[in-house]
Amino acid sequence: MLGGWLLATWIAFAGGGDLVLPPGGTIQALGPGPIVRYVADRDGPVTIALDSFEMDAFLCVTDASGTLIAAAEDGGIRQNARVVVELRAGQTVWIECTTMNANRWSGRFTLSARPGDVPPPTGPQRDAIEGEFYRAYAGRYLSKGDPVRAAESLAFGARLFLRANSLDRAVAAAKDAWDLARAIDRVDIELNALTTGSLAAEHLADHASAIELARESLALATVTRSDARPIAEITFRLGRALLVGGRLVEARLAFEFGRDTSASADLQREWSRHELGLAQVAHRDEDLELASRHLDAAETHAQSMADVELLRSIDLERTLLAFRRVRFAEANQRLEEQLARAYERRDFSAIGMCRSTLGLVQMNRRRDYDAAERELRAAIGAFEDAGEPVNHLGARMQLLEVRQRRILDTTTGDSISRDAANRHSDALRELLTEAREVGAAWVEASIVLQLAEWSEWTKSDGEALRLAEEAEQIFAVRVGSPDGALRARRLQAFLRLRRGETAFARTVLDDALAHRAARETARDADDAVGDRVNAEAWSRLAIDVAAACVRDGADAAREFVRCASWRDRALFSGIPLALLMEQAEQFVGYRWPSTTRYVEFASGRDHSYAFVAGGGAMKLVELGPRSQLESLADTFVARVRDPRSEPLQFVGAGRALFDALLANVVAEGGVERVLVSPGEAFAVLPFDALLARDARPDAPCSDLAFAVRSLQIDLVPSWRTCVTGLPDRNGTADLGTLVVGDPSPTRMPPLPGAEHEARWIADHFRDAHGPDVGIELLVREDATRDRVLAGLARADLVHFAAHAEVDWSDPSLTGIVLAHDERLTLADIRSTTLRADLTVLSACATAAGQARSGSGLLSVASAFLDAGSRGVIATRFPVDDASADLFQRRFYLALWHAGLEPAAALRTAKLEFLDGSAVVGDSRPPRGRPAVTIEDTRPVPTAHPSRWAAFVYSSKQP
């Protein structure tokens, strides 16, 4: 029994007799007339309650001498007979129970004795008790040959269980009622039971049952020509169950059918709910524009009806949409507003949804695990107050996922104690037991998968494989989620690769692509393979499979085609698989100049690799443990960017990285140019500053064998740019130049070098191209956001000399700081169609930003490339104001007067800095928030890599 009322085994008892009621216990029996003996175990009041849902129930309590102590009778159905008696420890009393209905059948009752003055069960507790009685009545009606009354009792009991949130019992009772009603051809009872069962299964997260029951309900309602409203409601429940279960093709069809049904009967609320459902499908489909249009339509009707509940659901969906569009500032603001409103109306369910969403954002987007835990703990409390056990379990599961992700991100398997590992494993297993008791299949499957990942991390591969197989089975059979099943199979693939079972891992990738292709055929690009959350994992599996195949003797070029198709299909959801395969084949056959090599760095789960193309061949190079290389790269970048560092502090790391990353690329000799696709692992690594040869311990920077001396190293976003390029530009005669310098006033320190740099570029551009050339110079207060955006669209050369800021927690705020503290954000840049041949971003860390799974960084530079600029010069880390001014002057002199291409002109400027042909005077503030404070203001030689290695050229036209 719920809420402390213990449910005991049914005890059949006909007529009088002696039953023993233990202290604090409960018995259930048949009346009328049983006599129960009770012995008090302590002094004080005892509450004796007789619960029976017959018409009449009577309770009397006598002492050992037969003297009446207390008596009570109930007030009819949903009431009980209840007395409170004062007893001494060891005192024996006799309790007589009488129950009978109008037909004088002996009644079934529950008798309990609880120490203290215990109030009778109310609300959900009462509903659960009554539900059990109605389920018992069904058996009695069947035994008396009355299946109609039995089916009605089961259906009513299911509704009571649903109201009591006893969801597993609600589903079971509903299915029994459905089976019985179908056998006696009572359609009305069938519909009642199916409706109750599908709702209970949905709340229970038993998606397979919810879908089955809703389908049957819809088929029955359609055949019997029910009214449009129940059909629309049933269809909505079916669509929602399919959506949550990850079956988006079917969900879309259900919502469309329900919307059309609602429209034909002018059911505006039902119509709006189906539009909301279609928006959620489009959202999962990553068709965000379509999702927004569906939300607009739903909101119009919801506002006309003043449907507050529906408007809240629409608002929450808009918030989630904003997160997917990387509009974190907007999304956070909306979510905070929703949260405030939810607190005002004490809507604990909405509070839980908002706080759990904030927690997931903190974990997945910001890696702020402390904040994520705070939000999820608050969500857990809210769901508990709301009486939503499945959501409560889900939030607890997410909290454990946060803790697991924190451990996986910040420690190694050897650095966590066995006790700590066991505690986390025990917490997962305890939650798994609760999920199984409630019957929450989705939560159960997710926890089993978490346990599998945890076992794999703690080096229990056998247990991890068993759990991953179990998770796959639950997702596939009970949940009906192919996406979840594929995630479980992906973990199995990683585990089996360690055993050398390459064929299994390749099959998993092929199955994932086939699943994806099937969805696209049905105009559903849900991207089970390429979900943004999972893109990195699929990408790494593809890399590991390719490496394993090459080790087994497969051709590296052929494996590149397969790997590129697998990997990029996961990362770039809008590109058809056939086109990717074709482009990969073109890339393999690309005729590189004999002096040029292409290298694409890629990370598997534990190791890093490089695909190297050139010289008429392609090879896969195994670089070594991923974590070691990335750690070495981080150390090197930190030393190189600090102008106070001595060569001895970075030469060793630079030499080791050259051997690991570039030595194999140039081993054949004669290589003069290297095109690098760095991925996210090496996106901010200054390849030009790596050391090609060992150096004397006392060698100055000007004598070091930096890679830039022997190689021209340029960046490309990926292999695809080598075969797709950019379309020819039409109508360029009226294009001009936009130069922005030292926007002010701002809260940032002034940049006098930036204004000087901008004016110098404008003057020399006119000298190089004639006085009538079109040029727009925006400095100081003229550099406003509106004027900059207007100038971008018509410029063939764009130059910024300004502050830039990288917002590591919210990429939507990353951008260039303009006058009056306005900002040119990533969204602003991507929404502009650029026609520039070259964009120069002479500002701090414009090539740095938050990683986007498997495909580089969300940076200002990548935004300009995405918007159409043919080439971008940007910075990997903060640059000194004065040296940036000097560097840009040397670059433009090489570009305009020597007539070099941008990449060659950039390298020329770096070599001039290395040769010591310019000396920087006083150091000025970096162009952006400085990572270090430069206290030493003595003249610094330009040969130090902090003065030149930050600048890098990226292009989509290699």
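How many of the residues in strand β15 (residues 736-741) are buried? In β15, 6 of 6 residues are buried, so the strand is mostly covered; buried means under 20% relative accessible area, exposed over 50%, and partly exposed in between (1.4 Å probe, protein chains only). Keep in mind that this is a predicted model: local features need pLDDT of at least 70, side-chain atom pairs count only at pLDDT 80 or more, and totals for chains, interfaces and linings use all residues. Residues are numbered from 1 along each chain as its sequence is written, and side-chain values use heavy atoms, with hydrogens and water left out.

**The big picture**

- The protein has 31 helices and 27 strands; these are DSSP runs numbered from the N terminus (helices are H or I, at least four residues; strands are E, at least two).
- Out of 958 residues in the protein, 55% are buried.
- Take the contacts (heavy atoms within 4.5 Å) with a separation of 6 or more: 70% of them come from residues 24 or more positions apart.

**Strand β15 and its partners**

- Strands count as paired if DSSP finds at least two bridges between them.
- β15 runs parallel to strand β17 (residues 795-801), and 6 bridges join them.
- Across that pairing, Val740 stands opposite Phe800 in β17.
- β15 also pairs with strand β16 (residues 775-779), in the parallel sense, over 5 bridges.
- Here Leu738 stands opposite Glu776 in β16.

**A hairpin and an open sheet**

- Strands β11 (residues 607-614) and β12 (residues 617-625) run antiparallel, joined by 8 bridges.
- Tyr609 has Glu622 in β12 as its bridge partner.
- This hairpin has 2 residues between the strands, and Gly615 takes a positive phi near 65°.
- Elsewhere, 3 strands make an open sheet in the order β18-β19-β20, with antiparallel pairing.
- β18 (804-805) and β20 (823-825) are the edge strands, each pairing on one side only.
- Strand β19 (residues 815-817) pairs with β20 over 3 bridges in the antiparallel sense, and Val817 has Arg823 in β20 as its bridge partner.

**Two helices packed together**

- Helix α14 (residues 389-410) packs against helix α15 (residues 418-438) at an angle of about 160°, with the axes 11 Å apart.
- Those axes are lines fitted to C-alpha atoms, for helices over the stretch in contact, and angles run from 0 to 180 degrees between N-to-C directions.
- So α14 and α15 are roughly antiparallel to each other (under 35 degrees counts as roughly parallel, over 145 as roughly antiparallel, 65 to 115 as roughly perpendicular and the rest as oblique).
- The α14 residues that meet α15 include Leu400, Arg403 and Gln404, and among those they meet in α15 are His424 and Leu428.
- His424 is found in helix α15 and is buried, at 7% relative accessibility.
- Not counting residues up to four places away in sequence, His424 touches Leu400, Arg403, Gln404 and Trp454.
- His424 and Trp454 sit 30 residues apart in sequence, and their C-alpha atoms are 8.8 Å apart in space.

**Cysteines**

- How many disulfides does a search of the whole structure find? The search finds 0, where a disulfide is a pair of cysteine sulfur atoms within 2.5 Å.
- For Cys549, the closest cysteine sulfur is in Cys563, 9.7 Å away, which is too far for a bond.
- Cys549 is buried, with 5% relative accessibility.
- Cys354 is buried too, with a relative accessible area of 4%.
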